[in-house]
Amino acid sequence: MKNLRIAIQKSGRLSEKCLSLLNRCGLQFDNRKRTLISRAKNHPVELMLVRDDDIPHYVRDGVCDIGIVGLNELEEKIGCSKSPDNPVKVIRSLGFGSCRLSLAWPKSVPFEGLESFSGKRIATSYPNILERYLESKSIAAEAVEISGSVEVTPSIGVADAICDLVSTGATLDSNGLKEVITILESEAVLVRSNQTLESEQEDFLTRLLQRIDGTLLAQNANYIMMNAPKSSIDEIAQYLPGMETPTVVPLSTDSSKVAIHAVAQEDVVWETMEQLKRAGASSILVLPIEKIIE
Ligand code: PRT
Ligand code: ZN
């Protein structure tokens, strides 16, 4: 069978998280040397370590079959990911690498809404997304393409404002800028091309997606166990966060009590455990879940 080739960022903000996700899905790579391509030890998979900018084109052109990349890079390199004509499809949002692509404006200059950008020069590493946005809002402004340190451009006179990725906002703040309009909410996404894979590759991708879903679901889920009087079952069920029907098992040592087990789809906070205790529960245990297949 032909290996399924997966492209991820070689080194940068997304690399460790991508590797960790694939590891949690059971793929083992010996990539200590960080070579361009490394074969998984235990599955028909090859990992390709590249710059994130190249991933959308590599997936589009069939150099690799799937890839993990920030939605911002995908939208910049390939166009609107929601368009049916887009040759690269987002097949999963992965919940890490979250940030937003925003317009930012100097704090020292009055801002009067989107119109303030008319006739201005906006420095960005995302000229395509910016130009599409400006056009959709009928704003005539110039996108000045800059490959790095976009945030310093207004202070050195290269641009009037910027359009850049923001996460905490600290970079903007320390450069005298404020975030004024968000253009795109981004996170790491798993992408594939429209091209058909060989049937065995497609089967393996289906298995991998099931594992990714199980890993993502397990990430926020907890297993909760407690003992409780039979009379409190209904009240206790109300406090269990986002859970399906809990399992209720009789206790062999005390017929007035039951053990209640349930999967919580969200974090179980101390306050919830305290409520459960007030409702009569005891020996309340909350355990992390590693993997789920639904
Ligand atoms: O070498 P290569 O080309 O592969 O990497 P790169 O330098 O282009 O990308 P990298 O590793 O910096 O980022 C990879 C991806 O991480 C991005 O494409 C985004 O999808 C995602 N991401 C998440 C971010 C941020 N958060 C982020 N905060 N990418 C960049 N930033 C930068 C931003 O450009 C700005 O300079 O961080 C600064 C802002 O951060 P705050 O916290 O001060 O707001
Ligand atoms: Zn890059």
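Here is a walk through this predicted model, from its overall form down to a few single residues. Residues are numbered from 1 along each chain as its sequence is written, and chains are lettered from A and ligands numbered from 1 in the order in which they are written. Local features need pLDDT of at least 70 and side-chain atom pairs count only at pLDDT 80 or more, while totals for chains, interfaces and linings use all residues; side-chain values use heavy atoms, with hydrogens and water left out.

Let's start with the whole thing. The protein has eight helices and 15 strands; these are DSSP runs numbered from the N terminus, with helices being H or I of at least four residues and strands being E of at least two. Along the principal axes, the C-alpha atoms fill a box of roughly 75 × 55 × 35 Å. The radius of gyration is 25 Å, whereas a compact globule of 294 residues would come out near 19 Å (it is taken over C-alpha atoms, and the globule rule is 2.2 Å times the number of residues to the power 0.38).

How does the chain meet itself? Take contacts, meaning heavy atoms within 4.5 Å: among those between residues at least 6 apart in sequence, 67% join residues at least 24 apart. As for cover, 44% of the 294 residues count as buried. Buried means under 20% relative accessible area, exposed means over 50%, and partly exposed is in between (1.4 Å probe, protein chains only).

Now zoom in on a stretch with a label. The unreviewed UniProt entry places "domain: ATP phosphoribosyltransferase catalytic" at residues 51-213, though such annotations may be inferred rather than shown by experiment. This span is 27% helix and 30% strand, and its end C-alpha atoms lie 25 Å apart.

Helix α3, residues 71-78, is mostly covered, with seven of its eight residues buried. Among them are Leu71, Leu74 and Ile78, but also Asn72 and Glu73. Just after α3 comes Gly79, with a positive phi of about 105°.

Ser15 sits in helix α1 (residues 15-24), and it counts as buried because its relative accessibility is 3%. Leaving out residues up to four places away in sequence, Ser15 touches Ile8, Gln9 and Lys10.

Asn194 belongs to the loop between β11 (188-193) and α6 (199-220). With a relative accessible area of 44%, Asn194 is partly exposed. Beyond its neighbours within four places in sequence, Asn194 contacts Asn86, Pro87 and Lys89. The C-alpha atoms of Asn194 and Asp61 are separated by 10.0 Å, although these residues are 133 apart along the chain.
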